Every structure is written in structure tokens, then in C-alpha cells.
Amino acid sequence: MAESMQGLHRSHRCTEVSTKDIGNNVTVMGWVQKRRNLGSLIFIDLRDRTGLLQLVFDEKDGEVFEKAKLLRSEYVIAVQGTVRKRDGAVNETMQTGDIEVTADTLRILAESETPPFPIEEDANTREELRLKYRYLDLRKPHLQKNLKMRSDITTFIRNFMSREGFLEIETPTLCKSTPEGARDYLVPSRVHPGSFYALPQSPQLYKQLLMCSGFDRYFQIARCYRDEDLRADRQPEFTQVDMELSFVDIDDVIDVNERMLQALFREILDVDIPIPFPRMTWREAMNRYGSDKPDTRFGMELVDVTEIVRNCGFGVFTSAVNDGGFVRAINVKGQGAMPRKKIDKLVESAKGNGAKGLAYLSINEDGTYKSSFAKFMSEEELEQLVTALSGEPGDLLLFAADRDKIVCNVLGALRLELGQQLGLIDKNKWNFLWIVEFPQFEWSDEQGRFLAMHHPFTMPMEEDLAYLETDLGKVRAKAYDIVLNGSEIGGGSVRIHQADIQQRMFHALGFSTEEAQEQFGFLLDAFQYGVPPHAGLAYGLDRLVMHMTGEENIREVIGFPKVKDASCLMTEAPGTVDKKQLEELYLSVAQTEPDKEEKIS
């Protein structure tokens, strides 16, 4: 039966007890990790969020010893006792492996049923089960370490921003729904029937209004929400480190953020990150790496061979070029003898990223070629391809031909896949990179129009303003992303602060004056009262912490994450609500027919 602490007060967490405390009386509290009964002695490994501490119960202490016999894994206990040096061998795997506590008082604060899985670091437990019992999963040391580091990172950023003159200001989470972004999570209003709030995808408009209000430098650790498909580094609700600065341009924003990241990595990981970080234009990144978030820890860069194959005899290449597309290739060094089965798997992977196929050319050790297309090309053309790709005997050359975007996506993804497979990525490197000069617009085949690549408030490059009315595809944005080891950890832009340019931007996106006023009237009105030049940036805190902890999945650094379909296995959210609640919100739920596949299954 559970007891109260009966006046006991914890004096130390487990790993706060050290050799300095030998001979002293301490009080520790936590969970039973393991119990070993040796007859006259019982050993307990006590666990709290700092780690483990060994407790010893001696049969000479009759009542306490008998109570210790009742202990099982995950019981919560309070123990008072004397610290002593271990009699036996030191346990090198424990931070407190050279000491133990001889117990003279024991309180069983809570009993525990047998957990559905072991609370151990290397327990091979299905992720679904881990997430259903997340409160148990979070007892594992590596998750507690991750969330502690997350807390330390957040605290450091807050202190750094404060020292730099930023004010932490909270912005609303019940907002107006606006277009031109990911899908909103909507919240129905009870007092305004038929009207809805949207949960914020970011504090974008509010932070711009704060600059209009004269706050100069703002930041916020902001909760944001996007109703979009999940993947390993994305969740429907997430945390941003959000900031905005007045009277600045790109270099000012980059400077403060480089200094923050340098100081953060030194403080948290004891890693010295050199600044300034390299900068690369979006176009160069796509041409060289097939990605706007390139992993620069290894080579295997894309090479454009369009001109070499423009008039060759291979129809796949020439038809792509004639349709305005490109032919690009990568050199997989030393893989010329790759088995056909493996090459076929690469072809299937390329198709999964939008390619119609993948052409290859192997350079044999004797200098001859084995290829899927060699018979359609002259010896001179083949040699030109090999030369362009710095090919050598034993290399494998892979080619993609299609529209620019598809070719980049295919070879960019293939490059990463091969980099992982072949062990080309140095996991000890921290390669930061700024990607700048993004396109202002991107074409949507689905909507048949140009959309803002970032958002409608990003300032175009001044020299490209003339193209707003003539050629949207040529407009570059004063936007910048910060990339770490092939992952975008943050992004931002210089904002439009002139009302006339903002109106031109809306017009380019297909908004009439009336539509722009309806959607963004409060911002446009504010722009009539003197708005300073301003710019900002936001980090995905979850993604940054994921990198700094060395985790592969963002769920490992979030307390209570969602799964792929945006549901919570622990609370079973989302769920149905009472009919009365729906009536109060003037809502009804439409009954939908399950699709045929669901009926069959």
C-alpha cells in the first residue's frame, strides 16, 4: 500500500550524490529500475531523470529489509541512508558506479503494475506501443536526456536573444484564416455562428505588425500548426524560434543568427562552429546538388550534360531537351561493377521521385563501357560524357532526363540515397549553409498559376521588381534558408514594407484589390501609418534539437508527438465530441461513405 513521504525531503537527485558525500546522510527518491536479492542483502538501482544510484538494504535492518523485499520494477520510493564507497567492483557504466547508499529508511510512495515493455534503453519495443504508453516511454534515459537538452537549448536561445535586445512577445493562437500556405487547422466560433478561427501556421502577420508598432526586435518560442502530411522531420503541431528585426537587411539577420548558432553549439555540444557560414544561391544549389537544402558533407555533385546530348541518337535524351528539359548526371565513384539488381533498385527509386527512368553508363576497369544507351551514341559523344563527369575506370554514371524540377528532384534524392548506402557522409561534421536568392514564385500545375514560394510578404530583389508585371519566373526573392547537414532548420526573408510593392505582389498572385483587402486588410491598413524596413527568420526548434541530439526522427525530441495520420495513440485524439457541443457551435457532421478499399478490407 502506498505511503506518504512522512516528512522526508529529497536532498539529492540520483547522480548528484558523489564521493564528496561519503559518510553523509542523504534522501533520494525515484523509480526502482532493478532489484537483486542476494539473501542477506538486497540491491536496488534507483532511477530518476539524472540517472541511476545503487541502494543497499541489509537484513540487519529488519523492518526496512522486509519492506525492500516487496519492491518491484517501477515502484516509486523514498529512501534515506548513508553514502559509502562500494565494497565490490566499481560499475563503470554508471555515473555513480563508485558509491552506494546504505538505506535505513524506506517509504513505498507508489506501487506499479508490470509495464507493457521494459523501461530499458535498448528494449526492442514497437513504436506504436511506445507511443500508446508514452508516459512510460519517456522514463527512458535517452528521451529524458533529449528533452533536457531541448530545455537547455530553449533557455540558451531566450537568454541570447534577450542580450541582443530582442523582446519576447506572445502573439495570438486564434487567428484569421489566410490563403497561400499549407492547410489551416480551423476552430469554430460559438459566439459567431458559421465563423472560424485558424490556428497559426506561423506568427508572420503579427510579428510584422509588431515592427509597425515600433518594437524593433521581437522573438517568440511559438507553437504553430499545419494540416499537412507528416514525415520523419515534420509534425502537425511544432515549435518555432521566431524573430523579426527592424531597420535591417539580409546581412544583419544572418549576422545575429550565425553568432547565436555558434554560441549555442559551443554551449550545448562543446563544438566550435566557424562563422561566417557559406552562402549559395538557390539556382546553384539546385544545379550542383538537386536540392535547395543540400548536404554538403560529401561530393557526387550533379553535372549538366544537356548540350553534349542535344543532337545525339538517344531519343530519351533528345526528346527531353527538345521539350525544354535538361539531362543531368552524377558520378558514383568506384561503383562501376554494381550488380544489375542494385541498379534496377536505383531505377525504381528514381521512378518513385517522378522519373520516367534512369540511364546508366559503367566504366569498366579496362576503359570499355557498359551502358543502357551506348548503342545509340557515337564513341566521341560517350567520351565527352565521361570527360564532363570526370569519369575513370570503375565509375558508374547515372543520368536523368526530364523537366528541370524533376531532374533535380530525382538526382538530388538519388545522391542522398547513395551517400547513405556507400557511407560517404561524415556524421561528425556540422555543415551550415545559407541558401539565398530563392525564386519569388513557383508554378502550380494543380492551380494553373504562380504561387508565392515563401509567402506574399517577401520582398523581391530590387533589380527584379520590373518582372512583377512581365515575367514572374524571373523574379528572385530576398529570402534565405539556413541548412544544416542537408536539412532546412530555418528560413526567412526581408519583408515588403512599401504599400505599393505589396499591392503589386498581390496582383501578381491573382488577388484583386478587394480580395487583398478582405484577406489582409489589417496589415495593409497598418502599412499606411509608417512601417520600417524589416526582416525576420524562424527556426524549427524540434528539427534543430533533432540534429543536436543525433536523432533520426523528430518524435524522439518531442514530449507527446503525433503519428503519421496526425493522431495521438496515447489520448486517441482526434475523437468524436458530444452532440450538444456540436449544436452549440452550429455544426453538424456529414456522414461519408467509406471508399471501396475500406469496404473490402
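**Salt bridges and a helix pair**

With a relative accessibility of 36%, Arg223 counts as partly exposed, a label for anything between buried (under 20% relative accessible area) and exposed (over 50%), using a 1.4 Å probe and protein chains only. This is a predicted model, where local features need pLDDT of at least 70, side-chain atom pairs count only at pLDDT 80 or more, and totals for chains, interfaces and linings use all residues. Residues are numbered from 1 along each chain as its sequence is written, and side-chain values use heavy atoms, with hydrogens and water left out.

**Arg223 and its partner**

- Arg223 pairs up with Glu237 in a salt bridge, with their closest N and O atoms 3.0 Å apart (the cut-off is a Lys or Arg side-chain nitrogen within 4 Å of an Asp or Glu carboxyl oxygen).
- Glu237 sits in strand 10 (residues 237–246) and Arg223 in strand 9, so the bridge ties together parts 14 residues apart in sequence. Helices (H or I, at least four residues) and strands (E, at least two) are DSSP runs, numbered from the N terminus.
- Glu237 is partly exposed too, at 23% relative accessible area.

- How many salt bridges does the structure hold? The count is 47.
- Strand 9 turns up again here: Arg217, in strand 9 (residues 217–225), ties to Glu164, in the loop between helix 4 (141–163) and strand 6 (167–168), so parts 53 residues apart in sequence are joined.
- In that Glu164–Arg217 salt bridge, the closest N and O atoms are 3.9 Å apart.
- Glu164 is partly exposed at 23% relative accessibility, and Arg217 is partly exposed at 22%.
- Glu127 and Arg555 also meet through their side chains in a salt bridge, at 2.9 Å from N to O.
- That pair links distant parts of the chain, 428 residues apart: Glu127 is in helix 2 (residues 127–132), while Arg555 is in the loop between helix 15 (541–549) and helix 16 (579–584).
- Arg555 is buried, at 13% relative accessible area, whereas Glu127 is partly exposed, at 28%.
- Salt bridges also link Arg130, Arg134, Asp137, Lys140 and Glu556 into a network.

**Two helices side by side**

- Helix 13 (residues 499–508) packs with helix 14 (residues 513–526) at an angle of about 155 degrees, their axes 12 Å apart.
- On the helix 13 side, Gln502, Gln503 and Phe506 make the contact, meeting Ala516, Phe520 and Leu524 of helix 14 (contact means heavy atoms within 4.5 Å).

How values were computed: Axes fitted to C-alpha atoms, helices over the stretch in contact; angles between N-to-C directions.
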